[in-house]
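Dear colleague,

Here is the structure I promised to pass on, with my notes below it. Please look through it with the notes beside you.

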Amino acid sequence: MDNLANQRILSLANEHADKERVVGVFTKCDMTDNPERIVTIVENKEATTGKPLWHGWFVVQNRGFKDDASTFDREKAERSTFSKDPWLKIEERRRGTTQLKKYLSNLLCRRIRDGFPGMQKAVQERLTQERGNLAGLGSPRPTPGLQKAYLSAIALKFQ
């Protein structure tokens, strides 16, 4: 396994993402030479900088080069890997793709719920503004004669 401190994604995340939006995910956990190090990081929510990750870490197992895409069962592989030590030291809710999906979907729902009132207010303000713009156009002009009279009045203003 590459030294986590050398992973460019951590510096990119620190530079470009709000800390509240970062979730750590270790992939290919079945291929690591040092699972205890991963378990320690996950348990302590540490990045290599020693700063805690807001949402912590998850461990998942991706399909490897040798796995056949048509027969690979990720859930079965993850159950097999994460049902042994040292992976059992990690909370069950932090182990596996299913748990990661559940966490991310709940996180997304929370963010939508938190952001919805602000979005609704912005839409309401825009609607009020556009209604004002529409009212500024005057009464509806459904016939060609009324439309022509309206345009003629505008043209006369500019003469």
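**Notes on the predicted model**

Q120 lies in helix α4. Please keep in mind throughout that this is a predicted model.

**Overall build**

The protein contains 5 helices and 2 strands, and read from the N terminus its elements follow the order α-β-α-β-α-α-α. Its radius of gyration is 28 Å, whereas the globule rule gives 15 Å for 159 residues, so the protein is more spread out than a compact globule. Along the principal axes, the C-alpha atoms fill a box of roughly 85 × 40 × 25 Å. Of the 159 residues, 24% are buried, and the accessible surface comes to about 12,000 Å², with 54% of that area belonging to carbon and sulfur atoms. If we take the contacts with a separation of 6 or more, 60% of them are between residues 24 or more positions apart.

Which residues of α2 are buried? They are P35, I38, V39, I41 and V42, and, seen down the axis of α2, these buried residues fall within an arc of 165°, so they line one face of the helix. As for their partners, the buried residues of α2 pack against β1 and against β2, the latter spanning residues 57–59.

**The loop between β1 and α2**

T32 is found in the loop between β1 (24–26) and α2 (35–44), and T32 counts as buried because its relative accessibility is 15%, with the cut-off for burial set at under 20%. A polar atom of the T32 side chain lies 3.1 Å from the backbone nitrogen of N34. K28 has its place in the loop between β1 and α2 as well, and its phi is near 55°, which is a positive value in a residue other than glycine. In contrast to the burial of T32, K28 is partly exposed, at 36% relative accessibility.

**A cis peptide bond**

Where in the chain does P86 sit? P86 is found in the loop between α3 (74–82) and α4 (97–136), and the peptide bond that joins D85 to P86 is cis, with an omega of about 5°.

**Salt bridges**

How many salt bridges does the structure hold? There are 3 of them.

- E125 and K121 meet through their side chains in a salt bridge with an N to O distance of 4.0 Å. The two residues are 4 apart in helix α4, so about one helical turn separates E125 from K121. E125 is partly exposed at a relative accessible area of 47%, while K121, at 55% relative accessibility, counts as exposed.
- E130 and R126 likewise form a salt bridge between their side chains, at 3.3 Å from N to O. E130 is partly exposed at 35% relative accessibility, whereas R126, at 52%, counts as exposed.

Notes:
Residues numbered from 1 in each chain as written. Predicted model: local features only at pLDDT ≥ 70, side-chain atom pairs only at ≥ 80, totals over all residues. Heavy atoms only, no water. Buried < 20%, exposed > 50% of the residue type's maximum accessible area, 1.4 Å probe, protein only. Polar contact = N/O pair within 3.5 Å; in protein donor to acceptor, adjacent residues only side chain to side chain. Rg over C-alpha atoms; globule rule 2.2 N^0.38 Å. Contact = heavy atoms within 4.5 Å. Areas by Shrake-Rupley, 256 points an atom, 1.4 Å probe, with all protein chains shown as cover. Arc of directions from axis to C-beta.
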